[in-house]
Amino acid sequence: MVDEAAVKRAQEHFGKLLKKQMERIDRMNANKDVTDLSKLKKIVIGVCGGDGIGPYICNSARIVMEHLLADRIKSGNIEVRTIDGLTIERRVEVMKAIPDDTLADLRKCHLILKGPTTTPKKGDPWPNIESANVAMRKELDLFANVRPVKVPELGIDWIFFRENTEGSYALGSDGIDVNDDLAIDFCVATTIGTERIIRAGFEHAKRTGLNYVSLVTKANVVKTTDGKFLSIAEKVAKEYPGVKWDDWFIDIMTAKLIDPYRQRDFKVMVLPNLYGDILTDEAAQIQGGVGTAGSANIGSKYSMFEAIHGSAPRMVTEGRAQYADPCSMIKAVALMLDHMGETAKAKKLEMALDICTQFEKRLVMTGRSNGATGDEFAKYIMDTIARPDLEKVWDKYVADAVAARKK
Ligand code: IPM
Ligand code: MG
């Protein structure tokens, strides 16, 4: 039997969603706000700790960031600001994914270093409010979620361009419980939103000389939105004749990433939001775990850098937050440095991270008191950066690891 009243309610709700998305398209089309960091007299970096282990690991990362940018901070070219208010308690108090005052503070920064934030789900002790990450990506229009994953000894050098404002996430908190028997969620793809992420991937492939893009969708089943992703890719690809490209379905791509005969072939991957979320966790695991990967959320006006993992509230309740591994946040700092044009510093930091976490391991993080604290580990990384033979040491470790694998 058709529940006409429920259909009507759902249609009205759907109508409102459509209008909001169309307004969003208008805003995207009208937006001319572009920040050119190289032209700014002063760059403002907001440090937003989040909650759970967030403030702890974010602080360790901040120490490394301030150390590497000390000259520019001293000269007044960079200002580092603390931004409070993104805790789950505060968000629940105002019942908003991001409290208004916090959002206003964030909008006064150019770059944001953000710690993990708790994302409630149905049944949690918290009200089921929207994820702060997802809200920040939408509010600041951070459309490209860029996640590099490297395993030098396996020849893996991947970079994921995950669409960050649309797909299944755009209306993730706006689905319809039509009635007790029927729930519907939505997946969104706009022309402008799809085109800009695909273009970002192709631009990167061209600029870096990687010259190879793999599009990942499930366009054989999710025919409308993923179909649009694919057809726009076909169009954009024509503008990049020097860049080879192919398309994959997400299921087989998850298999190929762990195929030792194929994994090193992939370079730049461009994919819708949810597939990007999932595939980048798999990729991070191949690199050594989600704690080893960072994430750059890039928009034309703002950029935000974060870990790819969650806020591990249990570590806080068990009193061991100071032992949480800050490496994903420190990796996020490397991505921020790279984005600012501090490529040499970013490279050194990445090498130091590899040496400390994968090879030398003079300090080890266990998440408990038998391991190092996050701040101790941050110091270890800074000491490693200062080594005059850093590059040689890194080269040797990688060469040894390659040789060991061949045995
Ligand atoms: C990520 C995270 C977030 C996401 C969560 C915390 C909402 O998993 O950054 O990948 O799903 O995007
Ligand atoms: Mg994720």
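**Strands, cores and domains in a predicted model**

Strand 11 and strand 12 form a hairpin, with four residues between the two strands. The structure described here is a predicted model. One of the facing positions is Asn 297, which stands opposite Met 304 in strand 12. Strand 11 also pairs with strand 4 (residues 144-151). This pairing is antiparallel too, and it runs over three bridges. Here Ala 144 stands opposite Ile 298 of strand 11.

Strand 11 covers residues 294-298. Five of its five residues are buried, so strand 11 is largely enclosed by the rest of the structure. In a regular strand, side chains alternate between the two faces of the sheet. In strand 11, Gly 294, Ala 296 and Ile 298 point one way. Ser 295 and Asn 297 point the other way. All of these residues are buried.

Six of its six residues are buried, so strand 1 is largely enclosed by the rest of the structure. Both of its faces are covered. Ile 43, Ile 45 and Val 47 lie on one side, and Val 44, Gly 46 and Cys 48 lie on the other. Strand 1 runs parallel to strand 2 (residues 78-82), and five bridges join the two. Ile 43 stands opposite Ile 78 in strand 2. Strand 1 also runs parallel to strand 3 (residues 111-114), with four bridges between them. The bridge partner of Gly 46 in strand 3 is Ile 112.

The domain assignment divides the protein chain into domain 1 (34-142 + 299-407) and domain 2 (143-167 + 183-288). The C-alpha centres of domain 1 and domain 2 lie 24 Å apart. The contact between them takes 18 residues from domain 1 and 18 residues from domain 2.

Nonpolar side chains tend to be buried together in soluble globular proteins. The largest nonpolar core in this model has 74 residues. Met 65, Leu 113, Ile 198, Val 270, Phe 305, Leu 349 and Ile 381 touch the most other members. The largest share of this core, nine residues, comes from helix 12. Domain 1 and domain 2 both give residues to this core, so the core lies between them. A second, separate core has 18 residues, including Val 151, Phe 160, Met 269 and Tyr 275.

Phe 305 is in contact with several residues beyond its neighbours within four places in sequence. Among them are Leu 111, Ile 112, Leu 113 and Lys 114. Others include Ser 295, Ala 296 and Ile 298. Ala 332, Leu 335, Met 336 and His 339 are also in contact with Phe 305.

Ile 381 is one of the buried residues of helix 14. Helix 14 (residues 374-385) has 12 residues. It reaches 17 Å from its first C-alpha to its last, close to the 16 Å expected at 1.5 Å a residue. The buried residues of helix 14 are Gly 374, Phe 377, Ala 378, Tyr 380, Ile 381, Met 382, Thr 384 and Ile 385. They pack against helix 2 (54-68), helix 12 (327-339), helix 13 (343-359) and helix 15 (390-406).

Aromatic rings were searched across the whole structure, and seven pairs were found. The rings of Trp 248 and Phe 266 have centres 5.2 Å apart and planes at 80°, so this pair is edge-to-face. The pair links distant parts of the chain, 18 residues apart. Trp 248 lies in strand 9 (residues 244-249). Phe 266 lies in the loop between helix 9 (250-256) and strand 10 (268-271). Both Trp 248 and Phe 266 are buried. Elsewhere, ring pairs link Phe 202, Tyr 240 and Trp 245 into a cluster.

Arg 314 is found in helix 11 (residues 313-317). At 61% relative accessibility, Arg 314 counts as exposed. Arg 314 and Ala 386 are 72 residues apart in sequence. In space, their C-alpha atoms are 35 Å apart.

Definitions and conventions: Residues numbered from 1 in each chain as written. Chains lettered and ligands numbered in written order. Predicted model: local features only at pLDDT ≥ 70, side-chain atom pairs only at ≥ 80, totals over all residues. Heavy atoms only, no water. Expected span 1.5 Å × (residues − 1). Buried < 20%, exposed > 50% of the residue type's maximum accessible area, 1.4 Å probe, protein only. Contact = heavy atoms within 4.5 Å. Core = buried A, V, L, I, M, F, W, Y, C linked by side-chain atoms within 4.5 Å. Domains from an automatic or database assignment. Pairing = 2+ DSSP bridges. Phe/Tyr/Trp six-rings, centres within 6.5 Å; stacked < 30°, edge-to-face > 60°.
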